[in-house]
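Q: Hey, I've just opened this one and I'm new to it. Can you walk me through it?

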Amino acid sequence: MTRPALQLYLAAPRGFCAGVDRAIKIVEMALQKWGAPVYVRHEIVHNRFVVDGLREKGAVFVEELDECPPDRPVIFSAHGVPKSVPAEAARREMVYVDATCPLVSKVHIEAERHHANGLQMVMIGHAGHPETLGTMGQLPEGEVLLVETEADVARLTPRDPGKLAFITQTTLSVDDTAGIVAALKARFPAIVGPHKEDICYATTNRQQAVKAMAPLVDAILVIGAPNSSNSRRLVEVGAAAGCAYSQLVQRATDIDWRALEGVSSVGVTAGASAPEVLVNEVLDAFRARYDVTIEPVETATENVEFKVPRTLREPA
């Protein structure tokens, strides 16, 4: 039977960013150095395939430090942790490795610098997300006010409206955040912003590729986990850029083929914590059903690399 023709557009950049790549390497190197089990507080990155693969190698994932035995190493996830977590690990004399993405750590340092200068922080982020909790936990309680929407800005009651600074979660939608920043500046003209945008290069690049792809396709599939902030933002960016069907799939088995009946072009991308093996799995699933032509949509080239902590480069 003749398979229908399908034009597949493949976003570039897509998939792993430097912070995710570094975090996964940290767990793998810790297992090589100390042997299994190595404990990881929270999912190292938000991707079930990656987490399951590391679990098979001997990583044990927990939500809180008190679930870890004091005599085994523990790794803090790429999203960052409140200051109280490494402090407690040190008190228990645990070996720990911080896999916080350096770009998240940059935001932590910004927050501390502004706090030292007497400014109260406003954080643009998602309530309950590990990165937001980690960043807010860098300062004493009450020193970071969280806003998720422009409406939240109108409800803010800072200690001193003239002494404010703002920071953002690194995985947000660039466009949505711009509206919140504009609302903050309109209400608090003296508010201090970051020297360089907090939203990370990888988030921005992946969103730009989706924006370029959206007008070309009938549907967009974003490969990523439901709890991955940057992946969910890619779905929203695709829809906002005019693609009528923009959906998140964890892997090929999640594709709703009935919803794609009659389409002639599909865009494929992957969130920053989704490995390329899952992209290839999705492409193979399309090839099994369609006569596929693949065309890249490249909007940026990435060559960023972050070093792993020195602790892991030294012999045991």
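Q: Let's start with Thr170: buried or exposed?
A: Thr170 counts as buried, at 4% relative accessibility. Buried means under 20% relative accessible area, exposed is over 50%, and partly exposed is in between, using a 1.4 Å probe and protein chains only. By the way, this is a predicted model: local features need pLDDT of at least 70, side-chain atom pairs count only at pLDDT 80 or more, and totals for chains, interfaces and linings use all residues. Residues are numbered from 1 along each chain as its sequence is written, and side-chain values use heavy atoms, with hydrogens and water left out.

Q: OK, and where is Thr170?
A: Thr170 is in the loop between strand 8 (164-168) and helix 7 (174-187). Helices (H or I, at least four residues) and strands (E, at least two) are DSSP runs, numbered from the N terminus.

Q: What does Thr170 touch?
A: Leaving out residues up to four places away in sequence, Thr170 touches Leu103, Val104, Val107, Glu131, Asp198, Ile199, Cys200 and Thr203. Contact here means heavy atoms within 4.5 Å.

Q: What about His129, where does that sit?
A: His129 lies in the loop between strand 6 (120-124) and helix 5 (130-136). His129 is buried because its relative accessible area is 10%, under the 20% limit. Not counting residues up to four places away in sequence, His129 touches His46, His79, Gln169, Asn227 and Ser229.

Q: Switching topic: which residues touch the most other members in the largest nonpolar core?
A: Those are Val27, Ile44, Val45, Leu54 and Ile75, out of 26 residues in that core. A nonpolar core is a set of buried Ala, Val, Leu, Ile, Met, Phe, Trp, Tyr and Cys residues joined through side-chain atoms within 4.5 Å.

Q: Which element gives the largest share of this core?
A: Helix 1 does, with seven residues.

Q: And the sheet, what order are the strands in?
A: The open sheet of four strands goes 3-2-4-5, with parallel pairing. Two strands pair if DSSP finds at least two bridges between them. Strand 3 and strand 5 (96-98) are the edges, each pairing on one side only.

Q: How many bridges join strand 2 to strand 4?
A: Three, and the two strands run parallel. Tyr39 has Val74 in strand 4 as its bridge partner.
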